[in-house]
Amino acid sequence: MALLFYVFFVILTLSMDYSAGGKHDMEKQLKKNDIIPLEISGMSHDGNGVGRFQDFVLFVPMTAPGDKILCHVVKVNHSFGYGRVMELLEPSPMRMENDCPAFRQCGGCSWRHIQYQEELRLKQQSVEQNLKKIALFSQPLQPILSCKEERYRNKAQYPIGKDEHGRVIVGFYARRSHRIIPCSDCKLQPEFFTVLCNVVKDWADRHQISVYNEKTGKGLLRHLYLRTAQKTGQTMVCVVATSGKLPHEEELCECLIQAEPSVRTVLINRNLENTNVILGKHNRILFGKGCIEDEICGVRIRISPQAFYQVNRDAAEKMYQLAAEYAQPKDTETLLDLYCGTGTIGLTMAKRVSRLIGVEVIGQAVEDAKDNARRNQIANAEFLCADAGKAAQHLANRGERPDIIVVDPPRKGCDDNTLDAIVKMSPQRLVYISCNSATLARDVAKLEQNGYHFVKGRPVDLFPRTTHVEAVVLLSR
């Protein structure tokens with residue numbers, strides 16, 4: 001097969017009239033629907049394989065470094081293009097058999113075809129390269145923290161639709177679309193999530209419940225939203241609909257509880273908006289308390305439908321332990337937790353510091369954080385509802401001088417107001433938890449320019465089989 005690849009490559013190369021113009025001549029020659037031999041040499045940040053054909057870059061999904069393929073060119077831009085695998089001529093030794101029938105359509109597991117150890121290597125490499133290119137750091141990070149590859153998610157949001165026969169389907173959106181792909185058993189979710197999906201499908205079909213149509217804005221059922229607490233074994237079922245009341249809702253509730261004993265609460269979330277945002281603002285409880293509880297790093301956490309909670313509880317516990325190891329909290333110190341969500345990170349360190357201040361912009365999350373502090377008998381915690389940047393500036397202006405600051409921002413990273421306030425408050429230690437190593441590197445570079453030194457860092461694989469990777473770094477003043 002390797003010989004075939006080589007012969008085909010030589011014949012095709014000789015048959016094309018390339019001039020000395022390099023890339024621009026390649027753009028003239030290489031066009032949509034061409035079929036070319038290609039060797040995959042790397043991976044992009046979004047999980048596509050990267051190959052070079054006469055110095056022209058092509059991105060090919062569902063490939064692995066070392067694959068030799070026949071590539072069908074599907075799009076050619078000025079400096080790069082996209083292709084798909086027409087034939088796998090010689091598989092990479094890093095490739096593995098995919099075990100999910102929805103893999104090629106679903107947008108979830110981008111790296112399900114790559115061996116897990118290779119996935120970890122690629123993620124470590126990605127974080128280190130961003131820090132090197134953007135923040136100009138050459139020192140290696142500590143080895144990536146891994147976790148179990150399957151059944152790790154504690155949350156799933158399934159869109160509800162109907163197939164061509166009018167039957168209700170529950171699944172996942174196909175890549176870059178809102179076309180629903182039925183999935184009988186997602187390997188990242190607990191097995192009993194499938195049982196609950198089937199209960200809802202059977203109930204909806206039995207009573208001919210309508211489903212929401214995005215184009216017309218009509219229909220009742222929108223999403224099925226499931227959460228489970230992996231430490232306590234409690235499960236929440238939330239049906240997202242265009243009404244706060246469902247036909248035969250008592251029957252649905254009874255069927256869910258009978259099918260899965262871990263169900264502790266059932267809710268209806270009302271969402272009337274024509275939007276991609278899944279949850280509306282109003283919940284109605286059908287059964288239970290409307291929330292569940294979990295435990296992480298010894299802290300009991302209340303989880304409401306809108307509350308943020310890491311989807312991989314076991315890996316998140318490792319990450320929070322790493323953050324505490326970097327922070328080195330002392331009982332005489334003040335800890336500021338920016339972007340604190342429901343307070344999980346700060347509360348896991350609260351009993352080791354003199355004072356904890358948490359900041360979060362979502363009001364319900366702040367109320368959950370206060371409730372979590374009360375439940376855990378933590379009296380030294382204060383939580384503020386405000387934008388992180390404005391709150392940090394306010395705290396700096398009122399003379400707060402925290403010894404430790406922990407930040408866990410969204411993918412866009414910290415804004416300039418937040419970074420300026422951090423510098424103004426001048427903490428001795430700054431622990432930055434990131435879900436986007438590019439914005440992490442950008443922010444670390446800015447902090448380096450303002451008196452902070454990069455001490456150490458470590459990637460954390462919170463989302464195995466996907467392209468996402470977290471990282472924790474420590475900076476010192």
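Let's start with a pair of helices: helix 10 (residues 416-425) packs with helix 11 (residues 437-448) at an angle of about 40 degrees, their axes lying 11 Å apart. Helices here (H or I, at least four residues) and strands (E, at least two) are DSSP runs numbered from the N terminus. Axes are lines fitted to C-alpha atoms, for helices over the stretch in contact, and angles run from 0 to 180 degrees between N-to-C directions. This is a predicted model, where local features need pLDDT of at least 70, side-chain atom pairs count only at pLDDT 80 or more, and totals for chains, interfaces and linings use all residues. Residues are numbered from 1 along each chain as its sequence is written, and side-chain values use heavy atoms, with hydrogens and water left out.

Who touches whom in that pair? On the helix 10 side, Asp 416, Leu 419, Ile 422 and Val 423 make the contact (heavy atoms within 4.5 Å), and helix 11 brings Asp 443, Lys 446 and Leu 447. That's four nonpolar, no polar and three charged residues; Ala, Val, Leu, Ile, Met, Phe, Trp, Tyr, Cys and Pro count as nonpolar, Asp, Glu, Lys and Arg as charged, and the others, Gly among them, as polar.

Helix 11 has another partner too: helix 3 (residues 116-134) packs with helix 11 at about 35 degrees, with the axes 8 Å apart. Here Ser 126, Val 127, Asn 130, Leu 131 and Ile 134 of helix 3 meet Ser 437, Ala 438, Ala 441, Arg 442 and Ala 445 of helix 11. This contact divides into six nonpolar, three polar and one charged.

Seven strands form an open, mixed sheet in the order 8-7-6-9-10-11-12, where two strands pair if DSSP finds at least two bridges between them. Strand 8 (180-182) and strand 12 (282-287) are the edges, each pairing on one side only. Strand 10 (residues 234-241) runs parallel to its partner, strand 11 (residues 263-270), over seven bridges, and Val 240 stands opposite Asn 269 of strand 11.

Helix 4 (residues 191-206) lies across strands 6, 7, 9, 10 and 11, at about 150 degrees to strand 9. Next comes helix 5 (residues 249-259), where Glu 249, Leu 252, Cys 253 and Leu 256 are buried, meaning under 20% relative accessible area, with exposed over 50% and partly exposed in between (1.4 Å probe, protein chains only). These buried residues pack against helix 4, strand 10, strand 11 and strand 12. Turned away from that buried side are the exposed Glu 250, Glu 254 and Gln 258.
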